[in-house]
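Let's take a walk through this protein together, from its overall dimensions down to its sheets and ligand shells. Keep the viewer open as you read.

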Amino acid sequence: MLEVSGLSVAFKAGLALRGAALTLAKGERLGIAGESGSGKTLLGLSLLGMAPEAAHVTGSVQFDGQELVGAPETALRSLRGQRIAMVFQEPLSALNPLRRVGDLIAEPLRLHRGLSRAAALDRAAALLAEVGLPDPTARLRQYPHEMSGGQRQRVTIALALACDPDLLIADEPTTALDVQVAAHILDLLRDLSTRRRMALILISHDLRAIARVTDRLAILYGGDIVEQGPTADVLAAPRHPYTQGLIAARPVLSASRDRRQPLPTIPGNVPALADLPPGCRFSGRCPVELPHCHSTRPTGNPACHREAT
Ligand SMILES: Nc1ncnc2c1ncn2[C@@H]1O[C@H](COP(=O)(O)OP(=O)(O)O)[C@@H](O)[C@H]1O
Ligand code: SF4
Ligand SMILES: [Mg+2]
């Protein structure tokens with residue numbers, strides 16, 4: 001359904017995404033993980049033709065055989081309204097605070113489906129029930145600020161589902177929520193994907209969230225997909241030194257961690273765009289790097305010179 005190849009995004013300062021390749025089948029759930037600044041949001045936005053103004057996007061994104069890179073804005077907008085939907089981290093910014101929840105969800109239904117106001121409101125109530133909000137008919141009259149963070153995120157998911165998308169892209173959808181509420185939202189996303197046979201891309205820096213929801217996982221670092229595979233395999237036996245570092249930094253994945261111990265992290269940060277090394281983006285932070293890592297870009301899966309030998 002989705003086939004991404006050679007997808008690159010260039011800013012003045014440098015290449016923020018370098019030849020990404022991904023595929024996604026109908027109903028499949030893909031996780032995209034990596035530290036902050038590794039290019040996750042940019043990848044998600046580029047799939048929808050929503051990269052920032054200053055970005056130069058090249059390569060190919062095919063959705064059901066239709067090329068989206070360089071497609072006219074009208075075609076992209078109709079696709080975004082109807083077949084691909086996106087959910088972001090902060091539900092408040094996605095919801096117009098001046099509109100009642102019912103009208104927010106009814107609007108795309110009237111616009112894209114030509115439903116009457118009454119029929120659209122009925123459908124909106126059904127969607128609110130589907131995302132697990134109790135008392136959906138009463139909710140229609142509420143404003144976003146009258147709801148909790150978790151309830152608001154359910155509303156943005158209902159809004160995203162309004163036109164029955166084939167693909168939902170969720171970018172850090174639970175980062176602003178507390179742990180228990182986050183877990184419920186993640187389970188909801190997984191269940192919706194199963195029930196509706198809707199493909200899901202979950203973007204997160206949190207490997208526990210990815211493990212909970214996805215079948216396959218791509219690890220992003222400095223704009224490179226450094227490793228991808230079945231989620232369980234990548235998490236149980238990571239092959240790229242960066243993935244190994246990420247997982248070592250989150251021991252809660254495997255055993256119960258002593259909460260008095262500080263969380264270990266990979267030393268250093270993702271360098272700024274202009275400072276990324278030309279070869280392996282992880283060189284300079286990698287504990288096992290080789291002399292040519294800095295200058296020669298590794299290919300393959302995992303993309304690492306250690307694996308090539
Ligand atoms: N509008 C922009 N102009 C210049 N650089 C940008 C812009 N948006 C993102 N970037 C750069 O692209 C890289 C990836 O950012 P982002 O996709 O937001 O990372 P993540 O979502 O993984 O935290 C970063 O180096 C960031 O500085
Ligand atoms: S290519 Fe070199 S620097 Fe990059 S992860 Fe592999 S060993 Fe480390
Ligand atoms: Mg991001």
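The radius of gyration used here is taken over C-alpha atoms, and the globule rule is 2.2 Å times the number of residues to the power 0.38. With 309 residues, a compact globule would come out near 19 Å, and the protein has 20 Å, which agrees. Before going further, note that this is a predicted model, in which local features need pLDDT of at least 70, side-chain atom pairs count only at pLDDT 80 or more, and totals for chains, interfaces and linings use all residues. Residues are numbered from 1 along each chain as its sequence is written, while chains are lettered from A and ligands numbered from 1 in the order in which they are written.

Along its principal axes, the C-alpha trace spans about 65 × 50 × 30 Å. Of the 309 residues, 41% count as buried; a residue is buried if 20 or more other C-beta atoms lie within 10 Å of its own, exposed if 12 or fewer, and partly exposed in between, with C-beta atoms placed from the backbone. Two residues are in contact if their C-beta atoms, placed in that way, lie within 7 Å. Among contacts between residues at least 6 apart in sequence, 61% join residues at least 24 apart.

The secondary structure comes to twelve helices and ten strands; helices (H or I, at least four residues) and strands (E, at least two) are DSSP runs, numbered from the N terminus. Strands of a sheet pair through backbone hydrogen bonds, either parallel or antiparallel. Here two strands pair if DSSP finds at least two bridges between them.

Look at the open sheet of four strands, which has the order β2-β1-β4-β5 and antiparallel pairing. Its edges are β2 (14-24) and β5 (66-67), each with a single partner strand, so one side of each has no neighbour in the sheet. Seven bridges link β1 (residues 2-11) with β2 in the antiparallel sense, and Ala 10 stands opposite Leu 15 in β2.

Across β1, β2 and β4 (56-63) lies helix α1, running at about 60 degrees to β2. Axes are lines fitted to C-alpha atoms, for helices over the stretch in contact, and angles run from 0 to 180 degrees between N-to-C directions. Why is α1 (residues 40-47) largely enclosed by the rest of the structure? Six of its eight residues are buried, namely Lys 40, Leu 42, Leu 43, Gly 44, Ser 46 and Leu 47. Just after α1, Gly 49 takes a positive phi of about 65 degrees.

Helix α1 also leads us to ligand 1, giving the most to its shell with three residues. A residue is near a molecule if its C-beta atom, placed from the backbone, lies within 6 Å of it. For ligand 1, 13 residues form the surroundings, and the closest are Ala 16, Lys 40, Thr 41, Leu 42 and Pro 52.

Now turn to the open sheet of six strands, ordered β6-β7-β8-β3-β9-β10 with mixed pairing. Its edge strands, β6 (84-87) and β10 (224-230), each pair on one side only. Within this sheet, β7 (residues 167-171) and β8 (residues 199-204) run parallel, joined by five bridges; Leu 168 has Leu 200 in β8 as its bridge partner. Helix α7 (residues 149-161) packs on the sheet and touches β6 and β7, its direction making about 170 degrees with that of β6.

Finally, 13 residues surround ligand 2, the closest being Cys 280, Cys 286, Glu 289, Cys 293 and Cys 304.
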